[in-house]
Every structure is written in structure tokens, then in C-alpha cells.
Amino acid sequence: MNDASSTYREAGVDTAAGDLAVELMKSAVSATHGPEVLGGVGGFAGLFDVSFLKTFERPLLATSTDGVGTKVAIAQAIDKHDTIGQDLVGMVVDDIVVVGAKPLFMTDYIACGKVVPSRIADIVAGIARGCADTGTALVGGETAEHPGLLGPDDYDVAGAAVGAVEADALLGADRVRHGDVVLALASSGLHSNGYSLVRHILAQAGLSYTDHAPELGTTWGEALLEPTRLYTAPLLRLLGSPVGGSVHSLSHVTGGGIAANLARVLPRGAWVELDRGLWSPAPVFRTLSSVAGTSLESAEGTWNLGIGFFAVVAAEAADAAIAALEADEIATWVAGTVSTEARDLAGFEQGAKGVDGGAVRLLGSYAG
């Protein structure tokens with residue numbers, strides 16, 4: 001008679017492979033641990049010592065959860081899994097810093113059709129690198145094998161993170177004032193949004209991810225897997241600098257595109273016009289639009305088109321903030337100015353994702 005483990009294995013779940021995956025990822029995960037992390041890797045729950053919060057006047061916890069979306073399909077198609085973890089950190093941890101919080105710890109979840117230990121280790125190593133870059137401890141996670149639900153090479157990744165911020169340092173729309181300057185922080189590419197559209201465009205054009213894209217100097221798959229830029233560490237350095245108090249709100253440009261995400265961090269009644277002529281979207285955006293036979297403007301609600309983050313700052317601090325961010329190798333420019341003067345807001349994007357915020361619209365044509 002088969003024992004229980006062999007019966008489970010015959011059903012498609014290999015617990016030994018899962019154990020090996022944990023062993024392979026252990027060193028990468030442990031490298032993100034400081035003295036606040038207790039218990040190491042492999043426990044039922046991750047432990048994080050928050051004794052330092054006793055020094056806060058009024059500590060607030062910030063939390064975020066997200067996934068990478070259909071970008072994972074491209075990683076699977078070209079069998080490259082070592083960067084998708086950074087994308088996950090970007091989608092989760094960079095939402096924490098939007099409110100001015102410092103990320104503390106993160107957990108991940110990987111669902112797959114079959115545990116391939118080296119592949120799982122590659123994914124988690126990417127998550128660990130992103131966590132190390134953002135000062136976040138990776139304190140735990142779960143790898144679940146779902147045979148029959150997912151194909152042997154299919155997987156999805158998700159994660160959650162927790163951060164902390166002093167209440168009187170909380171960033172948000174309520175701090176924004178008339179005359180504040182909106183700074184745009186450059187993206188590294190598509191980041192992790194709009195990949196359903198990307199995949200549709202390539203499928204309609206009959207293009208494979210292994211096909212060479214002359215305009216991009218690499219294959220489509222490699223170009224589309226460009227990792228999400230991580231903004232947390234540079235933004236925390238900015239917030240901790242002498243001009244940090246002049247940063248009033250931040251916005252992470254993810255799903256919903258440019259105008260909607262900026263509108264979410266502006267107060268009701270405030271508006272901003274963004275001049276497209278102030279930046280040139282990267283070749284990946286132009287090439288995809290060309291293949292699709294559509295304009296860049298038509299993708300403004302789907303792709304970031306070159307802007308990964310916005311910072312709304314007091315006008316007198318704009319130059320210093322730009323200098324600080326560019327010292328961290330993030331191209332930054334003045335994209336617009338906040339106004340609270342009464343005007344007709346027809347044609348503006350107003351609020352988004354349940355937030356009754358400000359109004360934003362884009363004008364002009366993109367720089368060549």
C-alpha cells in the first residue's frame with residue numbers, strides 16, 4: 001500500500017520539492033533580516049520586534065497588498081524568473097511609502113501548478129533583493145502547489161507589506177496647497193501594469209516574446225521583463241532630508257494610469273494640467289503603440305508612459321527635491337502646478353478608485 005506522502009505526490013503535490021525550494025531560498029530571505037526579525041525562516045508565522053514604536057508619539061501602521069498581474073505570463077514564456085520578484089516588491093512596498101511610511105516587513109505567496117525548486121528560488125531571490133533595496137524584511141511566505149488548477153509551468157505571485165509612520169508626518173491630499181509643484185519621477189519602463197494590453201497587442205500582431213524587437217535592441221520578452229523601478233529608499237531619504245517637510249503628497253503611478261493616480265492625492269477642488277511636451281515616453285511605449293496602430297495618448301489610462309511616481313511639494317523646495325532624487329539616479333522634472341482657483345473642470349480626470357480627489361488632465365503632445 002502506498003504511504004500518504006506518495007499518494008499526495010501521485011495527486012500532483014510534491015512536498016519534498018517544496019522543502020527543497022525553501023532550502024534554496026533560505027539564504028536570500030535571511031539576508032533581508034535585521035535584529036528585529038525573530039525565529040528565522042520556516043515558522044508558521046513571521047515575527048518582527050516593533051519595540052521601537054514606543055518612541056513614536058502616535059504610530060500608524062500602513063499596509064498594502066498586490067500582485068504582479070499578467071507580467072508573470074511573459075516570465076513563464078521565456079523561462080526567466082529572477083526579476084519578477086522585484087516587480088512584486090515595487091507593486092507592494094512602493095505603495096507603503098506613498099503615505100510617508102517606512103516599510104517594516106513583507107510576506108509573499110506563490111501559487112503554482114508544480115513546484116520546481118530552482119524556479120521558486122529564483123522568484124523569491126528577486127523578492128529578497130527588492131526587499132533589501134527598500135529596507136524591508138522578508139519575514140515569511142507560502143508556496144502552494146495547485147495541480148489541475150494551474151499548469152505545470154504556471155504560477156502567480158502576490159504579497160503584502162506593513163510599514164509605520166508618525167501620525168503628524170502622514171502624507172496626503174490634506175497637506176496639498178495652491179501653488180504646490182508636481183514633480184514627475186521617471187519610470188524604468190512598463191513596470192507591472194497594462195500587461196494584458198501588451199500581450200493582446202503582440203498576439204494580434206503575431207509576435208512572439210522570443211522575437212527580436214529591433215527598435216528595442218533585444219527580444220520582446222527581455223524588453224517587457226524590465227524590472228519595476230523601486231522608489232522607496234530614495235523617497236525615504238528625501239523625506240528625511242531638510243526639505244522633507246515640504247513634501248505634501250506622493251502618488252504611485254500604477255493601474256489607472258497617469259492622471260487618475262495623481263488625482264487621488266490632490267484635495268477636492270484642486271486641479272493640475274500636465275504638459276506632455278515635458279517628457280518623452282521610452283521606446284518600449286512608442287514601439288508598442290506603433291505595433292498596435294494607436295496613439296500614446298490612448299494608453300494614458302493604462303500605462304505609466306514614463307512616469308512612475310509623482311511628488312507634490314512646496315514650490316520653494318522643488319529644486320532641492322529634484323536634486324536629491326537625481327542624486328539617487330531618478331530623472332525628475334516639474335510636471336505641473338497645483339491650483340485651487342475655480343474653473344470649469346470638464347475634460348479633467350477627477351478622482352479615482354473610490355477617492356473623491358482632485359482633477360488632472362494632460363495637454364499638448366509628447367516630446368520626440
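A pocket is an open set of points, on a 1 Å grid over the protein atoms alone, where a 1.4 Å probe fits and which has protein on both sides within 12 Å along at least five of seven lines, and its lining residues have an atom within 4 Å of a point. The model is predicted, so local features need pLDDT of at least 70 and side-chain atom pairs count only at pLDDT 80 or more, whereas totals for chains, interfaces and linings use all residues. Residues are numbered from 1 along each chain as its sequence is written, and side-chain values use heavy atoms, with hydrogens and water left out.

**The second largest pocket**
- The second largest pocket has a volume of about 430 Å³ and is lined by 28 residues, of which Asp95, His252, Thr254, Asn261 and Arg264 lie nearest its centre.
- Its lining divides into nine nonpolar, 14 polar and five charged residues.
- At least two lining residues come from each of β3 (59-67), α4 (84-96), α6 (195-205) and β10 (247-252), and β10 gives the largest share, four residues.

**Helix α6**
- Tyr195, Val198, Ile201 and Leu202 are the buried residues of α6 (buried means under 20% relative accessible area and exposed over 50%, with a 1.4 Å probe and protein chains only).
- The buried residues of α6 pack against α3 (71-77), α7 (220-224) and α10 (283-292), where contact means heavy atoms within 4.5 Å.

Note on methods
Grid points are joined across faces, edges and corners, and a volume is the space filled by probe spheres set on the points. Ala, Val, Leu, Ile, Met, Phe, Trp, Tyr, Cys and Pro count as nonpolar, Asp, Glu, Lys and Arg as charged, and the others, Gly among them, as polar.
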